[in-house]
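Please look over the sequence and the model shown here before reading on. The report is meant for someone who meets this protein for the first time.

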Amino acid sequence: MPEKHATMPDESKPGRPPGSPNKEYPEVDADAPRCRAFDCQSTELEVLKRLPDQWYGGERNGEPYTVIVRRRVRCKVCGSVMIVATYENRKKPRPPKTRSKK
Ligand SMILES: [Zn+2]
């Protein structure tokens, strides 16, 4: 008998290694970080982990930035986990190895 092949939603998106610790959390603005939960909005956030800096040039509110620093935080009140992103303007450190082509 014909078997129905339900198209399974492919959860493994390309570019994302399996078992990646970077779960997607809602990102909140660091200018006024507060809980994303609609009925919570607490400002008591506890930093769980600082994520690797992301060097990404851009402009925000008219201010240039060169790096995005993300911290995973948890609301002390309701326990929601989210990401707080701050935008900093600093010089990019030199890469440890410079292979200059002549
Ligand atoms: Zn909360």
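Residues are numbered from 1 along each chain as its sequence is written. This is a predicted model, in which local features need pLDDT of at least 70 and side-chain atom pairs count only at pLDDT 80 or more, while totals for chains, interfaces and linings use all residues.

**Overall fold**

The secondary structure of the protein consists of zero helices and five strands, and the pattern along the sequence reads β-β-β-β-β. Helices (H or I, at least four residues) and strands (E, at least two) are taken here as DSSP runs, numbered from the N terminus. Of the 102 residues of the protein, 7% count as buried, where a residue is buried if 20 or more other C-beta atoms lie within 10 Å of its own, exposed if 12 or fewer, and partly exposed in between, with C-beta atoms placed from the backbone. Among the contacts in the protein with a separation of 6 or more, 54% are accounted for by residues 24 or more positions apart; two residues are in contact if their C-beta atoms, placed from the backbone, lie within 7 Å.

**Strand pairs**

Two strands are said to pair if DSSP finds at least two bridges between them.

| Strand pair | Sense | Bridges | Residues facing each other |
|---|---|---|---|
| strand 2 and strand 4 | antiparallel | five bridges | Glu46 and Arg74 |
| strand 3 and strand 4 | antiparallel | five bridges | Trp55 and Val67 |
| strand 4 and strand 5 | antiparallel | eight bridges | Arg72 and Ile83 |

In the hairpin of strand 4 and strand 5, by contrast, five residues stand between the strands, and Gly79 takes a positive phi near 85 degrees. Strand 3 is hardly covered, since the count of buried residues among its seven residues is zero.

**The nonpolar core**

A nonpolar core is a set of buried Ala, Val, Leu, Ile, Met, Phe, Trp, Tyr and Cys residues joined through C-beta atoms within 7 Å. The largest one in this model has seven residues, namely Cys35, Leu45, Val73, Cys75, Met82, Ile83 and Val84. Strand 4 (63-75) and strand 5 (81-88) are the elements that give two or more residues to this core, and strand 5 gives the most, with three residues. Cys35, a member of the core, is in contact with Cys40, Gln41, Ser42, Leu45, Cys75, Val77, Cys78 and Ser80, if its neighbours within four places in sequence are left aside.

**Single residues**

Which backbone angle sets Gln41 apart, although it is not a glycine? Gln41 has a positive phi of about 60 degrees, and its place is in the loop between strand 1 (27-29) and strand 2 (45-50). Gln41 is exposed, because 12 other C-beta atoms lie within 10 Å. Asn61, likewise not a glycine, has a positive phi of about 50 degrees and sits in the loop between strand 3 (54-60) and strand 4. Asn61 counts as exposed because it has 7 other C-beta atoms within 10 Å.

Ile68 belongs to strand 4 and counts as partly exposed, because it has 19 C-beta neighbours inside 10 Å. Apart from its neighbours within four places in sequence, Ile68 is in contact with Gln54, Tyr56, Ala85 and Tyr87. Ile68 and Pro52 are 16 residues apart in sequence, and their C-alpha atoms are 9.0 Å apart in space.

Glu24 lies in the segment before strand 1, and with 8 C-beta neighbours inside 10 Å, Glu24 counts as exposed. The C-alpha atoms of Glu24 and Val81 are separated by 9.9 Å, although these two residues are 57 residues apart along the chain.
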